[in-house]
Amino acid sequence: MLSGLALLLLVCLHMRVQGKLRSQSLGCDEYLGSGRVVDKCGVCGGDNSTCRLVSGVFKHSLSKIGYHKIVEIPEGATKINVTEMVKSRNYLALRSRSGRSIINGNWAIDRPGKYEGAGTMFTYRRPNEISSTAGESFLAEGPTNEILDVYMIFQQPNPGVHYEYILPSEKLVSPQQPSRRPEGNAVNGQDGYDQQNHQENFNPAGSGRYSPPPTENQVPSVQPPRREREYNWKLTGATECSASCGKGFRYSIFHCVNRLTQVQVSDSLCDSSSRPSPQEEACNLQPCPAFWDIGEWSECSKTCGLGMQHRQVLCRQVYANRTLNVHTSRCRHLERPETASTCQLKICSEWQIRSEWTSCSVPCGLGQRSREVHCVSNVGDFVPDEECNMNLRPNDVENCDMGACAKSWFYTEWGNRCSAECGMGVRTRGVLCLTNQISSLPLEGCGSERPADSQVCNNGPCENRIEWFTGPWSQCSAECGTGTQQRSVVCLMKSNEGFTVMPPYECSSLDKPLRQQSCSLKACGAKWYHTDWSACSKTCEGGFRVREVRCLSDDMLSREGCDVQLKPEEKEDCNPEPCIPLIDENCRDKYFNCNVVVQARLCVYDYYKTTCCASCSRVAHKQSTYRRQS
C-alpha cells in the first residue's frame with residue numbers, strides 16, 4: 001500500500017517537471033531551460049554592466065541655412081538612434097570622419113532606405129509628409145568601425161533632435177560636442193560646426209532603460225524525474241542559408257539524443273511537445289553584386305522640336321530581401337547608363353512663304369506689295385499662327401518705291417477716217433496728260449503746249465447740187481469713243497444739163513442743214529497710247545531713243561486688253577551717221593614721210609604729233625572708234 005502511494009507521488013512530480021520543461025525555451029548558450037539571454041551589451045547571460053547608454057537632445061536655435069553639426073558618434077557604438085522630435089523641413093545628414101557622405105551629403109537629399117557606412121547598415125526613415133507628424137531618423141545596430149558626425153541641414157526653427165547609442169565600458173568617453181563658435185560659422189558643406197545645447201545622459205545600459213535578467217530563473221530541483229528521462233532535445237546544426245548573398249536566414253535543427261551518451265536517436269523517443277522552436281539566424285551577410293537601377297524617363301522638355309529628358313540612375317544592392325542604395329563606386333564594374341537624352345515629340349510647325357511678291361500697288365512713287373505667309377504643320381496643313389514662333393515670322397507686306405513720278409502727253413495714232421467724204425474734213429486722235437513710269441527718260445512735263453487732237457483732211461472735190469444739198473453723214477472720226485461726223489451742205493441749181501453750184505446766198509431763204517454732229521460708235525476699250533520720242537542717246541554713229549507706251553481703257557486707267565501685235569515701238573535706233581572729226585586747218589603733215597612715223601608708233605611723242613598732225617589724228621580717231629565698238 002505504501003509503495004503504491006510512493007508511485008503515485010512520483011508520477012505527480014514527473015508531470016509537474018514535464019510541465020516546467022514545456023514552458024522552457026532554448027537559452028543563448030544553446031541549453032534548453034538555461035534562461036540565459038543576451039543583454040543590451042551583447043553578452044550572453046550578461047547583466048548590462050559592460051556597456052553604457054549615451055543619450056542627449058540637441059535643442060540649439062539656429063538661424064543660418066546650411067549644415068550644422070549635432071553630435072559625434074564614437075567608434076564601436078551600437079544601438080544608434082538619431083530621431084527628429086517633431087516633423088520639420090530640416091533634414092538629418094551623416095558623414096564619416098574619413099570624409100565620406102553616407103546620408104544626405106553635398107546638398108543631395110537621399111530617398112528613405114538602407115545605407116552602408118562605418119561597418120554597419122543605417123536605416124534612414126522619413127515618415128509620410130502629409131499623414132505623419134513624426135520627424136525623420138536613422139537607426140543602426142552597429143558596432144561602428146570609425147567616428148561618425150551627425151549634422152542637421154537647417155531650413156526652419158529646430159524642433160529638437162534626440163540621439164542615443166551604446167558604448168562598451170572600456171571605450172566609454174564623454175560625448176564629443178562641437179566646439180562653441182558663432183553661428184555664422186555654419187557652412188553650406190558639412191565641415192561647419194555650431195554651438196549647441198545638449199542634454200547628455202551617461203547611464204549603465206540597464207539603468208532605467210534596460211533591466212538586467214532575473215537572477216533566479218532556475219527549474220525547481222526535482223532530480224528523480226530528470227535522472228529517469230533518458231532522452232533530450234539537442235541543437236545539432238542549422239538549415240542551409242536562404243540566400244547566397246545579401247543576408248539570408250537559417251534555422252536551428254534539434255534532434256533527439258541520449259542524455260548520457262549524446263548519441264542521436266529517433267525523434268519519436270523524445271517528447272514532441274517539448275521540442276524547442278527553431279531559432280532564426282542571419283547568414284551570408286556579404287552584399288550581392290551591385291547593379292544600376294534605372295528610373296523612368298521624364299517628360300520631354302519641349303512639346304515640339306529637339307528637347308531633353310532625364311532619368312534617375314542609382315547604384316543599388318539587394319540585402320536582406322530589400323534593395324538598398326549604395327555608393328556608385330560599387331557599380332564601377334558596370335557601364336553607367338545615360339541619365340540624359342535628346343527627345344522630339346514632333347516636328348515644330350514652321351513659317352512658309354507660299355507666293356512671290358505681288359506687283360507694286362502704284363506705277364510710280366511709294367506703294368506696297370504683298371505675299372502669302374502661312375504657319376504650316378509638319379504634315380503640311382495650315383495651322384494658327386500661334387503654333388509658330390512669331391518672332392521669326394517673315395514679312396508679308398513691304399513698301400516698294402517705283403521711282404519719282406513724272407508727267408507727259410500721251411496720244412493715240414491719228415484716225416484713218418476723214419469726217420467728210422469729199423471736200424475738207426477733219427480727223428482726230430486722243431490726247432492725255434498722264435504720269436509716266438520711266439523717270440530716267442528726258443521727257444518734258446505736261447506744262448508744254450498740248451498736242452493737237454484734230455487736223456484737216458480732204459478726200460477730193462464734191463459734185464455740185466441744186467438748192468441745199470446734204471450728202472450722207474461721213475463715218476465717225478473715231479472708231480471708238482466720242483468723235484464727229486460731217487456731211488456736205490451745198491446750194492445746187494438743177495438744170496437739164498445737170499446740177500450747177502450756186503452761191504450760198506441763193507439758198508439763204510432755206511434752213512441750212514447741219515454740217516457736223518458728234519458720234520460714238522462704241523466704247524473703245526483698251527487702246528495703245530504713247531509719248532513723244534526722247535532725245536537720241538548719241539549724236540552720231542548710232543544711238544537710240546525711247547518713249548513710253550501704255551494700254552489705257554475708256555476711263556483712262558491702265559489695262560491689259562490691248563492687242564500686243566499693234567503695240568507701238570518703245571525703242572528705236574537714231575543718228576546712225578558716222579561721227580566726222582572736226583577739221584583743223586592748221587593740222588597738216590609737215591614731213592613728207594609721215595606714214596613711217598605712224599608705222600613706227602611715234603605719234604605718242606609731242607614732236608611727231610605736231611610734225612605729222614593729220615596722220616597722227618587719223619590714227620587716234622580710228623583707235624577710239626575701234627575701242628567703242630569692242
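Close-up 1. Phe592 is exposed, because its relative accessible area is 75% and the cut-off for exposed is over 50%. The model shown here, as in every view, is predicted. Tyr591 counts as partly exposed, at 38% relative accessibility. The structure holds 4 aromatic pairs. One of them is edge-to-face and joins Tyr67 to Tyr151; it is the subject of the next view. Tyr591 and Phe592 also form an aromatic pair, and this one is tilted. Their ring centres are 5.2 Å apart. The angle between their planes is 50°.

**Close-up 2. Tyr67 and Tyr151, an edge-to-face pair.** The ring centres of Tyr67 and Tyr151 are 6.4 Å apart, with 80° between the planes. The pair links distant parts of the chain. Tyr67 belongs to strand β2, and Tyr151 to strand β9 (residues 148-154).

**Close-up 3. Val71 in strand β2.** Strand β2 spans residues 66-73 and includes Val71. Val71 counts as buried because its relative accessibility is 2%, and buried means under 20%. Met152 lies 81 residues from Val71 in sequence. In space, the C-alpha atoms of Val71 and Met152 are 9.8 Å apart.

**Close-up 4. Arg429 over the ring of Tyr411.** Here a charged side chain meets an aromatic ring. The charged end of Arg429 sits 4.4 Å from the centre of the Tyr411 ring.

**Close-up 5. Lys571 over the ring of Phe544.** The charge belongs to a lysine in this view, and the ring to a phenylalanine. From the charged end of Lys571 to the centre of the Phe544 ring is 4.3 Å.

**Close-up 6. An open sheet of 3 strands.** The strand order is β15-β17-β18, and the pairing is antiparallel. Strands β15 (291-294) and β18 (322-325) are the edge strands. Each edge strand pairs on one side only. From one strand to the next, the twist averages 50°.

**Close-up 7. Strand β15 against strand β17.** Strand β17 covers residues 313-319. It is joined to β15 by 4 bridges, and the two strands run antiparallel. Trp292 stands opposite Cys315 of β17.

How values were computed:
Residues numbered from 1 in each chain as written. Predicted model: local features only at pLDDT ≥ 70, side-chain atom pairs only at ≥ 80, totals over all residues. Heavy atoms only, no water. Buried < 20%, exposed > 50% of the residue type's maximum accessible area, 1.4 Å probe, protein only. Phe/Tyr/Trp six-rings, centres within 6.5 Å; stacked < 30°, edge-to-face > 60°. Lys NZ or Arg CZ within 6 Å of the ring centre and 35° of its normal. Pairing = 2+ DSSP bridges. Axes fitted to C-alpha atoms, helices over the stretch in contact; angles between N-to-C directions.
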